Amino acid sequence: MDHWWIALGLALMWSAVAAAQPPNSEDDEARGLFEAGRAAFDGGRFEEALEHFERAYALSGRSALLFNIGHTAERLRRDERAIEAFTEFLEANPESPQRAAVSARLALLQEHRDAAPEPSPPVAPPEPDGPPALAYVLLTTGAVSLAGAALSAGLAVSSANAVNDAQPGTPWSSVRGDERAAQRRRRAAGISAALGVAAVVGAVVWIASANQADVAVGPGSVQLRGRF
């Protein structure tokens, strides 16, 4: 709380100390700063008041101003500065009539500071999860299917060549099996190729999504753009 007797007591202290010392320009400036600080404090302009009190103390070195500095810093919630100023005030003024009040305020500030929780350390963002193992299984399956399609296509060509290269006059019954085999192998190659392409594209998209990459699918190509 604000007490009019606090400001009055400090003003009287200032006057007593000033009367015991010869006047000088710095002392006059410090007293002007003290008066300006007191007026600012009474007007609720605590930032301005603290600045004036600090400058007055720097010029005069009078410990009575530490009370003003501590009281104003406390109003601004600058607890460390208030604790420092009140501690220095008590050390410099062991017989001050304000000693009990200052000691009480200092104890409360120190208790509040000691009870404040430690700031939590920054939490690192979680690393993005990698692609699941199933995506690689799918990719491998697609690659095997494409390899099987290539093999079936090669066998289909071989069977078709057996029919086409047969000697003139060869009975159809002799090459009928090769013809049917060629057809079966073409169908198998087509099915395996379609499944293989679907599996590979699906796996690539899955893996790229897990690694935050972009996928561009074009005619006959799959491109990855991004970062891994």
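Guide: In the protein chain, residues 24 or more positions apart account for 51% of the contacts with a separation of 6 or more. The model is a predicted one, and its secondary structure comes to eight helices and two strands, running α-α-α-α-α-α-α-α-β-β from the N terminus on.

Visitor: How many residues does the protein chain have, and what share of them is buried?

Guide: The chain has 228 residues, and 30% of them are buried. Its accessible surface comes to about 14200 Å², with 59% of that area belonging to carbon and sulfur atoms.

Visitor: What makes the span of helix α3 close to the expected one?

Guide: Helix α3 takes in residues 46–60, which is 15 residues, and from its first C-alpha to its last it reaches 21 Å. The expected span is 1.5 Å times one less than the number of residues, and for α3 this expectation is 21 Å, close to the reach found in the model.

Visitor: How do you know that the buried residues of α3 are on the same side of the helix?

Guide: The buried residues of α3 are Phe 46, Ala 49, Leu 50, His 52, Phe 53 and Ala 56. They cover an arc of only 165° around the axis, and therefore they are on the same side of α3. What covers the buried residues of α3 includes α2 (25–42) and α4 (64–75).

Visitor: Why is Glu 51 called partly exposed?

Guide: Glu 51 is found in helix α3, and its relative accessibility is 47%. Buried would require a value under 20% and exposed a value over 50%, so Glu 51 counts as partly exposed. The C-alpha atoms of Glu 51 and Gly 37 are separated by 7.5 Å, although the two residues are 14 residues apart along the chain.

Visitor: Why is Glu 74 called buried?

Guide: Glu 74 has a relative accessible area of 8%, and the label applies under 20%, so Glu 74 is buried. Its place is in helix α4, and, not counting residues up to four places away in sequence, Glu 74 touches Ala 82, Phe 86, Arg 105 and Leu 109.

Visitor: What makes α4 mostly covered?

Guide: Eleven of the twelve residues of α4 are buried, including Leu 65, Asn 68, His 71 and Glu 74.

Visitor: What is noted about the phi of Arg 77, and why is this residue called partly exposed?

Guide: The phi of Arg 77 is near 60°, a positive value in a residue other than glycine. Arg 77 is placed in the loop between α4 and α5 (79–92), and its relative accessibility is 49%. Exposed would need a value over 50%, so Arg 77 counts as partly exposed. Gly 61, which follows α3, also has a positive phi, near 70°.

Visitor: Why is the pair of Phe 41 and Phe 46 called edge-to-face?

Guide: The structure holds four aromatic pairs. In the one formed by Phe 41 and Phe 46, the centres are 5.2 Å apart and the planes are at 65°. Ring centres must lie within 6.5 Å to pair, and planes over 60 degrees apart count as edge-to-face, so this pair is edge-to-face. Phe 41 is buried, with a relative accessible area of 13%, and Phe 46 is buried with 18%.

Visitor: What makes the pair of Phe 67 and Phe 86 tilted?

Guide: The ring centres of Phe 67 and Phe 86 are 6.3 Å apart and their planes are at 55°. Stacked would need an angle under 30 degrees and edge-to-face one over 60, so the pair is tilted. Phe 67 lies in helix α4 and Phe 86 in helix α5, so the pair ties together parts that are 19 residues apart in sequence. Both residues are buried, and ring pairs link Phe 67, Phe 86 and Phe 89 into a cluster.

Visitor: Which residues touch the most other members of the largest nonpolar core?

Guide: This core has 24 residues, and those touching the most other members are Phe 53, Ile 69, Phe 86, Phe 89 and Val 102. Helices α2, α3, α4, α5 and α6 (99–115) each supply at least two residues of the core, and α5 gives the most, with six residues.

Terms used: Residues numbered from 1 in each chain as written. Predicted model: local features only at pLDDT ≥ 70, side-chain atom pairs only at ≥ 80, totals over all residues. Heavy atoms only, no water. Helix = DSSP H or I, 4+ residues; strand = E, 2+ residues; numbered from the N terminus. Buried < 20%, exposed > 50% of the residue type's maximum accessible area, 1.4 Å probe, protein only. Arc of directions from axis to C-beta. Contact = heavy atoms within 4.5 Å. Phe/Tyr/Trp six-rings, centres within 6.5 Å; stacked < 30°, edge-to-face > 60°. Core = buried A, V, L, I, M, F, W, Y, C linked by side-chain atoms within 4.5 Å. Areas by Shrake-Rupley, 256 points an atom, 1.4 Å probe, with all protein chains shown as cover.
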